[in-house]
Amino acid sequence: MEVKKSQTVDSDRIREYLFACNDSSSPVLFRGLISSWPASQWRVEEMEKIFGTKKVEFRVGHCKKGDEFETECQYVKSTIADFLSWLKQPDVEDKSNPFANFAPNEYYTYADYQYMKEVFGDDDAVLKAVDWSCFGLRGRNGSQSTFWLGSGGAQTHCHYDTYGLNLVAQIDGSKRWALFPPSDSAYLYPTRIPYEESSVFSEVNLRNPDLRRHPLFSKATPYVVTLQPGDVLFVPRHWWHYVECLEPAISINTWVEIEQDNEARVDEALTRTVISSFASHLSEEDRQLRLVNPNETLFSLETNLQLLDHAIDITDHHSTVHDGDAKKREQEGDNDDDADQQQDGRDSPPRKRAKLEDIFSADFIQRIEPMSVEDYLKLRFSEQQAERKGGQSARSSGSSSSSSNLDEEPDAETDNMPSPPTSDYQAVLRDVAQPFDGENHVQPSRASAHRENPTPPDSDSTFSTSSSSVQGEPPIVADQFLFDVLKSLTHPSAISTSRKALFDRVPK
């Protein structure tokens, strides 16, 4: 879709809307605004021209296991040429290809979180092929953007980002997003294990939800949207999202800093300090398997405390300046939004909520409507049924379809995979609607089998004590109880309480 010539796109008005949104705002979809980007012409099969012989890291996951944590995946470094060769041929004959041992109908590969500035260096042609100025973000291009290239079935585990707002441009292929508002956090069982800077993960397997293990998920409100080439999704602050490639796909996103990030940095510094202190008492194997996502760095206690002190200073200084400016405006009687100026070269949000009516009258922007969990379960179930009946698999490329024969004997590996949602999803909903007493909980994972009657976090609870967070039956660790304690200490609401206590002690 292209914006009609008669349709005026006011980029400053769009920017005002983006920065006026808060946690209660809903995601929206922009269509046709990036047709002028050179990057909008990029195609999966032509990416070798853009990357050349550069090697990038791909995350390799097992399609049948569902929504995996990154600690459960494998990682390989590869050229785009090898990736494309694997994508097109079910059986890669060249055994030097790093993907040769991964069948395309069983595994997905994902070059995710590729910071374009790091990958392409000073290649201005590539970096300037992305231009976010149509959203009022002048000067923001590929240097402040992240590149995502995945095969069909590639997925990002459900989480929310602690920093900023997110704009995601779909360049090629299609991706489906399942989003949840911040108010649904208790229903998504938040956890900081495995730890990753600025990411709070959900314990719920969004590809294959188990309402008996996570009954509160039945109260959640999914917002589901499929992005097509040319679409840009706006994800407001702290919105949960689970993402999956429906076919080989390219996306480019940018995270834009906002005022609330100052407090979030304190929370992140506190979380990293607790995690790092705990990790120092674990074996390297336990750290890698359970505690920390790949490529995440933990620091010494001294370094963490310095980072924490720095984050507190910035937040306290910003709060003092902000309060001073507000008092000055009040004394001068100046309540005009024009008082918002850019500070230190960074985008600063307006102080008043933008009126939305005029924006949503345009044909290039649309709201995303919520759906029920029951409808979400129907969607997942129907897709898995179609795959089992041998239809075109969403995981395969256009030239390498995957089918399954229902008469074939399932292999041992398939027997151990999570079962799909029950076809009687209404019965499941009825089950979890009953008062939860721990008796109707499914058998917990091996790692948590020592605990009797595990209970989910209450919607008003500060801490989560569920210990069955890691999908795919992780190895049993000797200090499982300590992991449970750590999860409680690093629960977002516990960290928020710690931050407030810290600032109560900071001299005014």
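**Basis.** I worked from a predicted model, in which local features need pLDDT of at least 70 and side-chain atom pairs count only at pLDDT 80 or more, while totals for chains, interfaces and linings use all residues. Residues are numbered from 1 along each chain as its sequence is written, and side-chain values use heavy atoms, with hydrogens and water left out.

**Cores.** I looked up the nonpolar cores, meaning sets of buried Ala, Val, Leu, Ile, Met, Phe, Trp, Tyr and Cys residues joined through side-chain atoms within 4.5 Å. Buried stands for under 20% relative accessible area, exposed for over 50%, and partly exposed for in between (1.4 Å probe, protein chains only). The largest core has 53 residues, and I noted F30, W42, W132 and F135 as those with the most contacts inside it. Helix α3 (residues 80-88) gives the most to this core, with five residues. I also found a second, separate core of 20 residues, which includes A186, Y189, W240 and L377.

**W132.** I listed contacts (heavy atoms within 4.5 Å). Leaving out residues up to four places away in sequence, W132 touches W37, L137, R140, N141, S145, L167, A169, V232, I252, N253 and T254.

**T162.** I placed T162 in the loop between β6 (155-161) and β7 (165-172). T162 is buried, with a relative accessible area of 7%.

**F481.** I found F481 in helix α13 (residues 480-489). I count F481 as exposed because its relative accessible area is 55%.

Notes:
Helix = DSSP H or I, 4+ residues; strand = E, 2+ residues; numbered from the N terminus.
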